[in-house]
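I opened this entry to look up the ligand site and one patch of surface. My notes follow the order in which I checked things.

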Amino acid sequence: MRIDIITVLPEMLDGFVNTSILARAQKKGLVEIHVHNLRDYTTDKHKRVDDYPFGGFAGMVMQCQPIDACISALKAERDYDEIIFTTPDGEQFDQPMANQLSMDKNIIILCGHYKGIDYRIREHLITKEVSIGDFVLTGGELAAAVMADAIVRLVPGVLSDEQSALSDSFQDNLLAAPVYTRPSDYKGWKVPEVLLSGHDAKIKEWELTQSLERTKRLRPDLLEK
Ligand code: 6GU
């Protein structure tokens, strides 16, 4: 899988892309992540990528030209399954969306900034608008990083134990059961007896009961889905 991220703040993503799960996935040759500086695509001699909005509104708007140039250059090299724009008014990112995107071959994530981008880009070039939650971030870089992390860890082979993505919270609309490690008794804080029993069926049943109980208590909305 290949993810191209377009941003005016590449340095904000470089560290993340070259550490974390994304670095491991790239080293294994399973994923390629490319960060593009939008400023490299402007024809403006002062390297500006934004301008005042028509209509006299407040703030600045990202211009069509550099975004179109960058996306066109990428599309000339390969076909893209999705061209995503990060924006607080987009569709809510969630685990099913991460699953779906993890099956794509090539995606672009365009990071929003300032007051927004010229709406014509959204009408003509963007295929999917995504928000990571009901709050406002200064820019789409953190949203792009969140999405890339959630997507890449689902690509087969990225996680060392493939089972571990399957038992994630949300993967089946249930929160994950608690986990414990040695020692079984720490300062008198004890691990549930059943986990030490070696009785697989009983352990599975305990895990499901815990998942259901935690979901009912903490996220009852998930049980309605
Ligand atoms: Cl995708 N972008 C921005 N700027 N703010 C957000 C967001 C995205 N998702 C939630 N808040």
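Which residues are around the ligand? I worked on a predicted model, and there I listed Thr86, Thr87, Pro88, Val130, Ser131, Ile132, Gly133, Phe135, Leu137, Gly139 and Ala143.

I then sorted this shell by residue type. I got six nonpolar residues, five polar ones and no charged ones.

For Ile132, a backbone N or O atom lies 2.9 Å from a ligand nitrogen. For Leu137, I found a polar backbone atom 3.0 Å from a nitrogen of the ligand.

I checked how much of the ligand is covered. On its own the ligand exposes 290 Å², and the protein buries 96% of that.

Which elements give two or more residues to the shell around the ligand? I noted β5 (82-92) and β8 (128-131). The most comes from β5, which supplies three residues.

Met12, Phe135, Leu137 and Leu142 make a nonpolar patch of about 350 Å². I had already listed Phe135 and Leu137 among the residues around the ligand. Leu142 sits in helix α6, which covers residues 141-152.

Notes: Residues numbered from 1 in each chain as written. Predicted model: local features only at pLDDT ≥ 70, side-chain atom pairs only at ≥ 80, totals over all residues. Heavy atoms only, no water. Patch = residues over 30% accessible without salt bridge, like charges linked within 9 Å, V, L, I, M, F, W, Y side chains within 5 Å. Areas by Shrake-Rupley, 256 points an atom, 1.4 Å probe, with all protein chains shown as cover. Salt bridge = Lys/Arg side-chain N within 4 Å of Asp/Glu carboxyl O. Helix = DSSP H or I, 4+ residues; strand = E, 2+ residues; numbered from the N terminus. Near = heavy atom within 4 Å. Polar contact = N/O pair within 3.5 Å; in protein donor to acceptor, adjacent residues only side chain to side chain. Nonpolar A, V, L, I, M, F, W, Y, C, P; charged D, E, K, R; others polar.
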